[in-house]
Amino acid sequence: MVTLQLVGSLRKELADSLSTCRVLVVGAGGIGCELLKNVVLTGFKNIEVIDLDIIDVSNLNRQFLFQKKHVGKSKAQVAKESVLQFCPTANITAYHDSIMNIKCFLEHCCQLNLFFLAVARNHVNRMCLAADIPLIESGTAGYLGQVTVIKKGLTECYECQPKPTQKTFPGCTIRNTPSEPIHCIVWAKYLFNQLFGEEDADQEVSPDTSCVLWDGDIKRVSTKDWARSTGYDPVKLFNKLFKDDIQYLLTMDKLWKKRKAPLPLDWLEHQKLTCPQGVTGTGLKDQQVLGVGGYCQLFSRSVETLHSVLADKGDGAELVWDKDDPPAMDFVTAAANLRMYIFSMNMKSRFDIKSMAGNIIPAIATTNAVIAGLIVLEALKILSGDVEQCRTIFLNKQPNPRKKLLVPCALDPPSANCYVCASKPEVTVKLNVHKTLVLALQDKILKEKFGMVAPDVQIEDGKGTILISSEEGETEANNCKFLSDFAIRNGSRLQVDDFLQDYTLLVNVIHCENLEKDVEFEVVGDAPDKAPTPTRSQEEGKNIANGNKESSEPSTSSEAPAEQNDILLVDSDEEVPSSSTMAVSMESGGHKRKLHDAETGEASAKRQHLSQPSADDDNDIIALD
């Protein structure tokens, strides 16, 4: 077999550096597969790949290191075997593991020269800042893509830009007055959880926020308890959800003065209608829209199947909704479409509902390939000691007025208000010390809001009181106590350390008894000391083709200092949240994108970072597909 490599296009010093680098590639999905191929063909010899995921048939349309025979196997292991066919002399080690395995991550941080990361962006961002390692981040969303470089003191870090929260809808709109298909789809997902999953009071589906039974007396019980009492009878469920509840809504006259009133459905009237009647659309089955009778039958079958699965799991079991689970997807498709019909909306195909319910923007193989190539080009600049020539590069869907699909932009300096990369990170949090539990401080504020993994909290009270310890069992007794129980009051200061991230944050507490409804805390006045002023190249303002100098060839400048030879690259092609109000969403869920003026095509403003629900929230899953 002929070994194919591109070292001939690189100067000898850089080629030698690549051959001796030890590289960790985290994630072997869409971008990860292309990246593995690229690093091997570019000349990297010592490569380790880590991915917790297994190959699914849906991966095969864009992750070309995998074939049908590989379905169900480890992505990391199969990717290794496939890449070795390009370069049998490469030394590749595969791990079916998670990057959030702290021991694994810290060991590789110390031993490797180059990182290609896919998830846990906040965690990785902080580790790279602590180690002063350049980080290359990237993502794709359909035809759009982005690559950017993060360097401590020189550029923005990943957390410099705030990430808007995922779009939500008022509960009363979901329960009572849906006006868009997405409202019905969200309602159907809520219904799945209420019937088969973990109940959440905020996801109630009945119109009066309780389960109303029309059997003579009005009883108020949970949706799941009532469903159990009926043995999950599909007919009773159908008539309750799509007839009785709708009739109850019709008694609220004021709701329908300026809206079209809903139309209740009756099982006996529609159950005899078969699926083919009313079918619209051509092509694949998932892209067809059934008639009301078809969705009645689908609802009944899916309820029976899900009830059977739930029963097999035993008492107290719960199901988790998954867009790739056929019975769960059937249930949401049927329930959402029946509700759309009731509220006079055009029904949607299973394909459309899956995209909306799963918050998906499809991944495209060619976008992944372009972005993976750009990642390596930026890495070569860093390894050549030419960090200041790195750029944020955007891949557009259409050429701009200058006929360019790839648009390089200068890297932005660190944000003065960043609570992560400032010289002394500090934030101020407004909360009610008499109502905020220590557990809420740990989980909702420190972990969820500020992205910590294992925080230790000490009160600056002159005694060094330990409020929260990352050591198991040390401070669990504090969890159910309020902050005020520890003499925390207006003006108190908390020293928070996360040793797993080598990250320290000072939290100033402002006591407030007048927070808005359903708001537990607010981050205010979060302006820490400004980060060191970055050094900028005088040539920064020049137009640079595809993010490089005069050509696409790597720089031939002098060797980089030793501490700059470690870089970390973040990439993702995960199918990402989309919404009816979101014009552009980067696929990794956490990327910036310039907004282009409709007439000039020039970058006119910066899109805020978009949050990724499962990257930092689900620390045991590497999501690249």
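Reply: Arg-391 counts as buried, because its relative accessibility is 4% (buried means under 20% relative accessible area, exposed over 50%, and partly exposed in between, with a 1.4 Å probe and protein chains only). This is a predicted model, in which local features need pLDDT of at least 70 and side-chain atom pairs count only at pLDDT 80 or more, while totals for chains, interfaces and linings use all residues. Residues are numbered from 1 along each chain as its sequence is written, and side-chain values use heavy atoms, leaving out hydrogens and water.

Arg-391 sits in the loop that runs between helix H14 (365-383) and strand E9 (392-395); helices (H or I, at least four residues) and strands (E, at least two) are DSSP runs, numbered from the N terminus. Another loop residue, Asp-200, is placed between helix H7 (181-196) and strand E7 (211-212). Asp-200 has a relative accessibility of 31% and therefore counts as partly exposed.

The next matter is pairing. Side chains of opposite charge can pair when their charged atoms come close. The structure holds 18 salt bridges, each being a side-chain nitrogen of Lys or Arg within 4 Å of a carboxyl oxygen of Asp or Glu.

One of them joins Lys-37 to Glu-34, with 2.9 Å between the closest N and O atoms. Both partners belong to helix H2 (residues 30-42), where Lys-37 and Glu-34 are 3 residues apart, or about one turn of the helix. Glu-34 is buried because its relative accessible area is 9%, whereas Lys-37, at 25%, is partly exposed.

A further salt bridge is formed where the side chains of Lys-323 and Asp-324 meet, at 3.3 Å from N to O. Asp-324 has a relative accessible area of 45% and so is partly exposed.

The salt bridge between Arg-493 and Glu-426 has its closest N and O atoms 3.9 Å apart.
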